[in-house]
Amino acid sequence: QVKLVESGGGLVQAGGSLRLSCAASGQPLSMYDMGWFRQAPGKERELVAAISRSGGDSYQSDPVKGRFTISRDNAKNTVYLQMNSLRPEDTAVYSCAGRFVFEWSRALLTAKDGYRDWGQGTQVTGSS
């Protein structure tokens, strides 16, 4: 089991930027597809972005496409979410999660139920 710890959240004005980091320990991150999820009050948790274990394939949800970028550095056991042009509706708790790769497909990369290892989350607040 991999342990995940997020950092980098905070309060930012609309149009600003933040970079979230997710540091892994206990297992090599290269064994995992990684995802960033967010959950706003009263809403279901949603997958925002995902990246394959090699970094060769990635996904961004429609609400963040063109504004958020997921990346990873397996040598540093860290995954990042660069968030630009933040909006008030991006306000949520952001969590990173890992999916151990037994087999791979793009469908599995974006299947929320496949992510079993979770960090504690970090609050991101976009102010208007």
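Two strands pair if DSSP finds at least two bridges between them. Strands here are DSSP runs of E with at least two residues, helices are runs of H or I with at least four, and both are numbered from the N terminus. By that rule, strand 9 and strand 11, residues 122-127, pair in the antiparallel sense over three bridges.

Before I go on, the conditions. This is a predicted model, where local features need pLDDT of at least 70 and side-chain atom pairs count only at pLDDT 80 or more, while totals for chains, interfaces and linings use all residues. Residues are numbered from 1 along each chain as its sequence is written, and side-chain values use heavy atoms, with hydrogens and water left out.

I'll stay with strand 9.

How many of the nine residues of strand 9 are buried? Seven are, so strand 9 is largely enclosed by the rest of the structure. Buried means under 20% relative accessible area, exposed means over 50%, and partly exposed is in between, with a 1.4 Å probe and protein chains only.

Next, the disulfide. The structure holds one, the criterion being a pair of cysteine sulfur atoms within 2.5 Å. Cys-22 and Cys-96 form it, with their sulfur atoms 2.0 Å apart. The angle about the S-S bond is 60°, and the link is right-handed. Cys-22 is in strand 3 and Cys-96 in strand 9, so the pair ties together parts that are 74 residues apart in sequence. Cys-22 counts as buried, at 0% relative accessibility, and Cys-96 also has 0% and counts as buried.

Now the cores. A nonpolar core is a set of buried Ala, Val, Leu, Ile, Met, Phe, Trp, Tyr and Cys residues joined through side-chain atoms within 4.5 Å. The largest one has 26 residues, and those with the most contacts inside it are Leu-4, Met-34, Trp-36, Phe-68, Leu-81, Met-83 and Tyr-94. Two or more residues each come from strand 3 (18-25), strand 4 (32-39), strand 5 (46-51), strand 7 (68-73), strand 8 (78-83) and strand 9 (92-100). Strand 3 gives the largest share, four residues. Apart from this core lies another, of six residues, among them Leu-47, Ala-50, Ala-97 and Tyr-115.

Is Tyr-115 buried or exposed? Tyr-115 counts as buried, at 3% relative accessibility. Its C-alpha atom is separated by 4.5 Å from that of Arg-99, 16 residues apart along the chain. With the same exclusion of residues up to four places away, the contacts of Tyr-115 include Asp-33, Met-34, Phe-37, Ala-97 and Leu-109.

That brings in the rings. Rings of Phe, Tyr and Trp (its six-membered ring) pair if their centres lie within 6.5 Å; planes under 30 degrees apart are stacked, over 60 edge-to-face, and the rest tilted. The structure holds four aromatic pairs. Phe-37 and Trp-118 form a tilted one, at 4.7 Å centre to centre and 55° between the planes. Phe-37 lies in strand 4 and Trp-118 in strand 10 (residues 117-118), so this pair ties together parts 81 residues apart in sequence. Phe-37 is buried at 1% relative accessible area, whereas Trp-118 is partly exposed at 28%.

Trp-118 has a charge over its ring as well, which here requires NZ of Lys or CZ of Arg within 6 Å of the ring centre and within 35 degrees of the ring normal. The residue is Arg-45, over the face of Trp-118 at 3.8 Å from the ring centre. Elsewhere, ring pairs link Tyr-32, Phe-100 and Phe-102 into a cluster.

Last, two backbone angles. Asn-77, in the loop between strand 7 and strand 8, has phi near 55°, a positive value in a residue other than glycine. Asn-77 counts as buried, at 18%. Ser-85, in the loop between strand 8 and strand 9, has a positive phi near 50°, and is partly exposed at 38%.

Notes:
Contact = heavy atoms within 4.5 Å.
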